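Visitor: Could you take me on a close look at the place where the ligand sits? I would like to hear what surrounds it and how the two chains meet.

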Amino acid sequence: MKNPSPFFWSKLALRELLNNRRFSLFFLFNLALGLAGFIALDSFKESLDNHLGQNSQAILGADVALTSYLPFEEKTLNILEAKFPENTLSTRKTSLFTMVATKDQSRLVQITGIEEGFPFYGKMVLKNKGVVDPENMRQSLALSGEAWAYPELLFMLNLKIGGSIKIGEQSFRIADTVIDDPSSSFSSFGLAPRVYLGFSQMEETGLLTKKSRVSYQRLYRLTEGTDLAGLVVKLQNQINNFDGSDSKIRILTHKRAGNNLGRLLGYLNDYLGLVAMIAVFLAGIGAAYLFRNYLVHRFREMSILMSLGATRQQTYRMVLWQLVFLGTGAALIAIIMSLGILPLLPLLLKQFLPHGFETQINLSSLLFALVLGAVGSLVFCLPVLSRIRTVQPLQLFHENIGDQAVNDTFWRQVLSYLPLLVLSWGLSVWQSHSWIVGSAFVGMLLSSILLLGALAWGILALAGKLSQTSGSTMKRLAFRNLQRNRSGAISCFLALALGTLLINLIPQIYQGLQEEVSRPDDFRIPSLFLFDIQPEQMGPLRKTLSEEKVHLNYLSPMVRARLEKVNGKSFEANIEEVAMTREQESRQHFRRHNLNLSYRTELSDSEQIVSGRRLASSYDWDSGKPAEISLEVRYSERMSFKLGDLLTFNVQEVTVEAIVTNFRRVQWNSFQPNFLILFQPGVLEEAPGTFLGSIGGLDSSRRLSVQNRIVKDFPNVSVIDVTRMVGRVLKISDQMVLALRLMAYLSILAGLVVVFSIARHEVEGRLWELNLLKVLGARFSDIQRMIQIEFTVLGIFAGLFGVAVSLIMSYGIAWWFFENLWKWTWQTSLASIIGVTALSVGVAWLATQRTLRSSPLSLLRCA
Amino acid sequence: MILEIKGLDKSFPQAGHGRVEVLKNLNLEVHEGEKVAVVGQSGSGKSTLLSLLAGLDRQSSGSLRLRGQEISAMSEKKLTQFRAENIGIIFQQFYLMPHLTALENVSLPLEMFGHKDSQERAQEALQQVGLAERETHFPHQLSGGESQRVAIARAIVIRPAILLADEPTGNLDNATGVQVANLLFDLVQTTGMTLLLVTHNTELAQRCSRQMTLHSGTFQ
Ligand SMILES: Nc1ncnc2c1ncn2[C@@H]1O[C@H](COP(=O)(O)OP(=O)(O)O)[C@@H](O)[C@H]1O
Ligand SMILES: [Mg+2]
């Protein structure tokens, strides 16, 4: 016996799909909707990565840079620069944060001194003079001593081009504004706009002292084909051999510069990705349901095929072909749909995005969507697919006996869901770039589905009870139908409830935050934040402030240090290690960076010890024991520190040993000075450091005058207007919420498609029954009311429980991440319940309209 | 001898407990080219017998040999193949694939095994049942009698050694039933196929060369 022509089974499969057009279209649309969100976000993410990658040289302005907090020594530089290949170009750059003042305004700015050569990559564009070239840089910055400022600074200080600002001890004329600066594609939300000066003019400001934190940089442009990684290793080895401050020189490569900038955007993207996953998930539920109905209707044809000589495997294969066709088709449609969604994202997120960012559809996202479409629909339908085992051609002889229940064992059922679980888990870890977030997400999703499923079960049982007692015939029938058609009702319920949950969750969390920061007389958030206060300035500053009748709160010392050893083992970051997940990335981030230490006797009201004991009040130098420290709990979790660990710090070249004595939870959003590592008093007092503190309770005009006064008397002290910053952060989070909402709406749309198709299928499945009711004298309106009761019950309960679970979840998240910032707005909850119910009834009405109107005559036809 | 049944038993597990015996110790021998009718009341086990002969179900005990081969000894795969080559089945409810045309329905069992001349043979079979001009029609465009004729064409297109028919006229009105029966017997006559026909219609049974009556699971 021979085999059929190679395309026989796939052709037959396609044929069946074409003949079940309604099913195919719904399946396609439903899945495509979920996949479209997914592709759009994935492409967006890829574009972002590409953008940051391509621009990383421009962001650093060089291939590689050396940075230090002290001026470079000639001797040191000579040794290091000997490692560079010939023809390497170099340029110098210094920058620092400081306050600038006009007559009646002051602002925190970043002052950057540059010289010819900068930037080696990318184009800096001025408003009047256009692209910066060495000539106009020399003319303007170096020879005329002019400044170029960011336009927003002029706006904030109420200045025009040609006006002048005082920086440190020197006045500068603002010759032009910088409208495109590749090195600041992501400038800390524009909190500190930049001012460019000539490199030697920086000296004249008098700010290049040990008092202010100055960053000294040497930028290098390497010749084509230089081995960057090899060079970095050579430099790092050399730096490790230095002692003193030279050993603290850091190497920045353009690759890392790009990475750091993308970090925050990365987080946003991760979360958007998870929301998109839910859309895919809802779409999957819908698709699986549709497929189940389709499959059950195909059973007889499968039997016929088998009686004609097809094997069970061949029948399976045909159905698999159908799923692959549908999944791939859905992915293709999704690709077209995502072309529409994608351009919207940069519009929504323009505050975040680096200048010149463009989204491109990227090929690998598309390929991935194709695979996800095909594999995903297989995986989602696997639990349904196993029903093919129950198909027996024998039934063709005994139509009356009906389904021969080949009972699946419990474990086989569970097993068929396993690939689905693995796929969603893998996807969410991959999407969120985090084992913890990804697993937590799948865990939450799974438990909400189980919880909602259990609730649905209960409701249906209740509906069964009600169907025996309650009122009119139609009402009884409605309840009976709900109870009888469990899988349909539960799928509807889940789709609606999950959608409602999503729509509510994000705004609910946001509500609490917004409530906190917008309350007008709430002084828990400070108005101004002061840092870089020198110890000797404490007295005079207090005096000035008391003249202004304000009080400096939460005054905290800050000492810079490096962590060198943990329990005696040296603690070094492996710079070249590629971070795969956000957890690794943040661990690396922390390892690389210098730490800010502080000490205080009392915990602030935004701190709370979660384990361990309080720090002893004062350190005894004679004991020879290590000092006691307190660590922020999440930081220690990330770094895997335990109570009793011995940490060795390098505090400005003095070795200090400390023992981890307790873990603290810190409420970061209190915007008070808080530290990851707190020492007991008596250890760090002698180390050179600065102080920071905050001032609360100022209205906007007082904020301005106090700020100006501080800047005038203490030019090196930096002041941040916290209220303004919070406003800015809120504005940005508004955009984030909008983007997240968009995804949530997409997922509820997917949910409604599910309701639509389920409603339609249910009604079609009950067609003869409905027609019988008509023949028996039920009016059209009666039957319609019955359907409406069914979907009202579903909608109300789905809305109710969706909202309830979202409240619980948002409360949990708020408690965990934002302490107690949680507020319930019952209006939103009520509106969602009503909305979901209305939509559910409306969609069901739409879906069943045509079928319900069909004549009872069809009873006679489908004998 | 084409079919040989010895001591055939078939029982089904009962919903509550125990088993219900549907066929008890059946014995039957059918020679090549014979036309045998099995008659009996509804529920007497006729369809059960056919499903065993078609290899769609397995007997509880006893022996069932078709063309000298023991059916119960065959693997599922072997059986499927054996059926596809040797057994044509006609059902009471026709069971045509609803989305395939008449011609495609008839050629399906051939195409499934990649026969090169499946088109020509299917056309020939449709001609034999007098539906050559309905090739492109779908099942829902055909009357009951026409549907059953297409089903007959599909059963004979593989040139089976034995044709099993389960109440082939049961779903048709009298006049149409007679037409279809005429066609069936003509075809069997001209091709020399063996026919095993199950019916409760005694008139139809009389047209066969031999009648067996099934009562409470045994031949009387
Ligand atoms: N799969 C089965 N499970 C249980 N009982 C069955 C099954 N198939 C057939 N029967 C029983 O066997 C008896 C004979 O059925 P059947 O062969 O269909 O009779 P007929 O075709 O003669 O009307 C009936 O009582 C029927 O209920
Ligand atoms: Mg029967």
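**Ligand 1 and its surroundings**

Guide: Happy to, and please keep in mind that this is a predicted model. Let us begin with the backbone of chain B, where a polar atom of Gly43(B) is 2.7 Å from an oxygen atom of ligand 1. A backbone N or O atom of Lys46(B) also lies 2.9 Å from a ligand oxygen, and for a polar backbone atom of Ser44(B) the distance to an oxygen of the ligand is 3.3 Å. On its own, ligand 1 would expose 560 Å², and the protein buries 73% of that.

Stepping back, you will find ligand 1 between chains A and B. Its shell counts 13 residues, with His398(A), Gly43(B), Lys46(B), Ser47(B) and Thr48(B) the closest. By class, 9 of the shell residues are polar, 3 nonpolar and 1 charged. Helix H1 of chain B, residues 46-53, gives the most to this shell, with 3 residues.

Now for the chains themselves. Their contact draws 27 residues from chain A and 32 residues from chain B. The area buried between them is about 2800 Å², and carbon and sulfur atoms give 68% of it. Of the area that chain B buries against chain A, 26% is supplied by Tyr95(B), His99(B) and Met112(B), more than any other three residues.

There is 1 salt bridge between the chains: Arg15(A) pairs with Glu104(B), their closest N and O atoms being 2.6 Å apart. On the side of chain B that touches chain A, H1, H2 (76-86) and H3 (102-111) each give two or more residues, and H2(B) gives the most, with 5 residues.

Note on methods: Residues are numbered from 1 along each chain as its sequence is written. Chains are lettered from A and ligands numbered from 1 in the order in which they are written. This is a predicted model: local features need pLDDT of at least 70, side-chain atom pairs count only at pLDDT 80 or more; totals for chains, interfaces and linings use all residues. Side-chain values use heavy atoms; hydrogens and water are left out. A residue is near a molecule or strand if one of its heavy atoms lies within 4 Å of it. A polar contact is a pair of N or O atoms within 3.5 Å; within protein, one must be able to donate a hydrogen and the other to accept it, and residues adjacent in sequence count only if both atoms are side-chain atoms. Accessible areas come from the Shrake-Rupley method with a 1.4 Å probe; for residues, only the protein chains shown count as cover. Helices (H or I, at least four residues) and strands (E, at least two) are DSSP runs, numbered from the N terminus. Ala, Val, Leu, Ile, Met, Phe, Trp, Tyr, Cys and Pro count as nonpolar, Asp, Glu, Lys and Arg as charged, and the others, Gly among them, as polar. Contact means heavy atoms within 4.5 Å. Buried area is the accessible area (1.4 Å probe) that two parts lose on being put together, summed over both. A salt bridge is a side-chain nitrogen of Lys or Arg within 4 Å of a carboxyl oxygen of Asp or Glu.
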